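Hi everyone, thanks for coming.

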Amino acid sequence: MTTPAPVTTVGPGGLQQPMWRAIAVFRFAALAYVLAIVARDVRDYARPLAVLPVLAVLIGWTVATAYAYARPAWRRWPLLGADLLISVAVLVVTPWVVGRAALNDGAPTLGVAWQAGPVLTWAVSGGRRRGVVAALVVGGADLAVRERLTQSSLTGTALMLLAALAVGHVVRLTSAAEERWQRAVALEAATREREAATRERERLARGIHDSVLQVLALVQRRGAHLDGEAGELARLAGEQETALRALIAREPSGDDDGQLLDLRPLVGRYTSPLVSVAAPATPVRLPAGAAREIGAAVGAALDNVERHCGPQARAWVLVEDEGGAVTVSVRDEGPGLPAGRLDEAAAQGRLGVAQSIRGRIADLGGTVTITSVVGEGTEVELTVPRVDP
């Protein structure tokens with residue numbers, strides 16, 4: 001059996017992975033900016049030496065988050081909460097390290113741009129709402145440590161809110177795109193599997209046709225004129241040939257049952273000098289699976305005509321679209337069946353008609369009516385209710 005070509009898939013959060021890398025780059029760039037600001041203003045701080053442990057925390061946490069957020073399994077509430085808590089803690093100690101007088105004069109906090117890192121992280125992990133919550137917490141802490149609000153402090157909080165909204169919206173779009181990608185990949189994989197299954201069925205059908213079906217057909221032809229057990233064996237071979245042909249001709253089930261097919265071409269393919277097919281002028285649309293099953297049942301009925309009435313027997317097929325149901329009739333000019341013959345065949349295990357015709361139509365919720373009078377031929381009527389997908 002042919003193995004389908006491998007399909008590249010994207011794991012959960014795969015399309016968001018570049019965003020996590022971008023946040024890591026932002027954190028290091030923001031850390032460099034913090035170091036530059038501290039180097040410039042440290043002589044004006046109220047407690048210059050106290051800034052060293054704060055910088056150690058910023059450097060250590062930046063490296064730790066770059067490592068931790070690179071692993072999807074770690075992007076959970078403990079890490080997210082700790083990230084936000086450390087950012088708020090840096091803001092809380094800023095007045096003590098920098099001095100309130102310097103803050104009131106417009107000096108930046110120790111976090112500066114670095115404090116936006118947790119806001120972006122929350123937005124990527126949970127979308128706009130979670131990002132806005134983080135922006136409000138960090139922005140509120142930034143405003144709370146200042147005795148006097150300035151335009152720059154308000155602008156910083158507003159920018160964090162806007163960044164949270166923008167990044168959260170992009171994340172939502174990315175998640176929707178990833179879901180569509182996964183559905184497309186699954187559909188492609190299913191299509192390839194069906195194609196591989198179809199090729200395998202065709203290969204098996206060729207092998208069966210060259211061996212089993214030919215033997216069954218030979219037994220049926222050679223023993224059709226015999227009486228007794230030899231004749232009965234020939235009839236059994238013919239019925240099993242029909243059942244096997246119907247089985248290998250059946251299409252594998254798939255997702256195309258949601259589509260509609262015109263029944264007329266599926267039935268019209270049986271037209272021949274001995275078989276007349278009459279159908280409406282307009283399409284008779286049915287779900288694809290139902291249409292194929294009806295076509296296969298008609299083929300099985302015509303095989304029965306040829307087997308029981310002879311290779312020169314004529315048959316007529318009529319397709320009727322009754323709106324709520326579709327009826328297909330197969331009528332022949334054969335000798336007809338004695339009363340109780342079908343029940344007797346089923347009781348003896350000869351299930352060609354039951355499996356090839358009645359079983360298919362019953363699976364579709366339909367009915368099969370067989371009317372036969374000795375000397376006047378047989379009519380098989382297949383009725384299937386229309387259930388549009």
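**A loop residue and a helix**

Let's start at one spot. Thr109 sits in the loop between α4 (100-104) and α5 (116-126). Keep in mind as we go that this is a predicted model.

Is Thr109 buried or exposed? Its relative accessibility is 4%, and buried means under 20%, so Thr109 counts as buried. Its side chain comes to 3.4 Å from the backbone nitrogen of Val112. Leaving aside residues up to four places away in sequence, Thr109 touches Leu91, Thr94, Leu103, Gln115, Asp142 and Arg146.

One of those contacts, Asp142, takes us to helix α6, where Asp142 is among the buried residues. Helix α6 covers residues 128-144, 17 residues in total. From first C-alpha to last it reaches 24 Å, close to the 24 Å expected at 1.5 Å a residue.

Which residues of α6 are buried? They are Gly131, Ala134, Ala135, Val138, Gly139, Ala141 and Asp142. These residues span an arc of only 155° around the axis, so they lie on the same side of α6. Turn to the other side of α6 and you find Arg129, Leu136 and Ala144, which are exposed.

Now let's step back to the whole chain. It has twelve helices and seven strands, and 39% of its 389 residues count as buried. Take the contacts between residues at least 6 apart in sequence: 71% of them join residues at least 24 apart. Finally, the accessible surface comes to about 20700 Å², with 61% of that belonging to carbon and sulfur atoms.

Conventions: Residues numbered from 1 in each chain as written. Predicted model: local features only at pLDDT ≥ 70, side-chain atom pairs only at ≥ 80, totals over all residues. Heavy atoms only, no water. Helix = DSSP H or I, 4+ residues; strand = E, 2+ residues; numbered from the N terminus. Expected span 1.5 Å × (residues − 1). Buried < 20%, exposed > 50% of the residue type's maximum accessible area, 1.4 Å probe, protein only. Arc of directions from axis to C-beta. Contact = heavy atoms within 4.5 Å. Areas by Shrake-Rupley, 256 points an atom, 1.4 Å probe, with all protein chains shown as cover. Polar contact = N/O pair within 3.5 Å; in protein donor to acceptor, adjacent residues only side chain to side chain.
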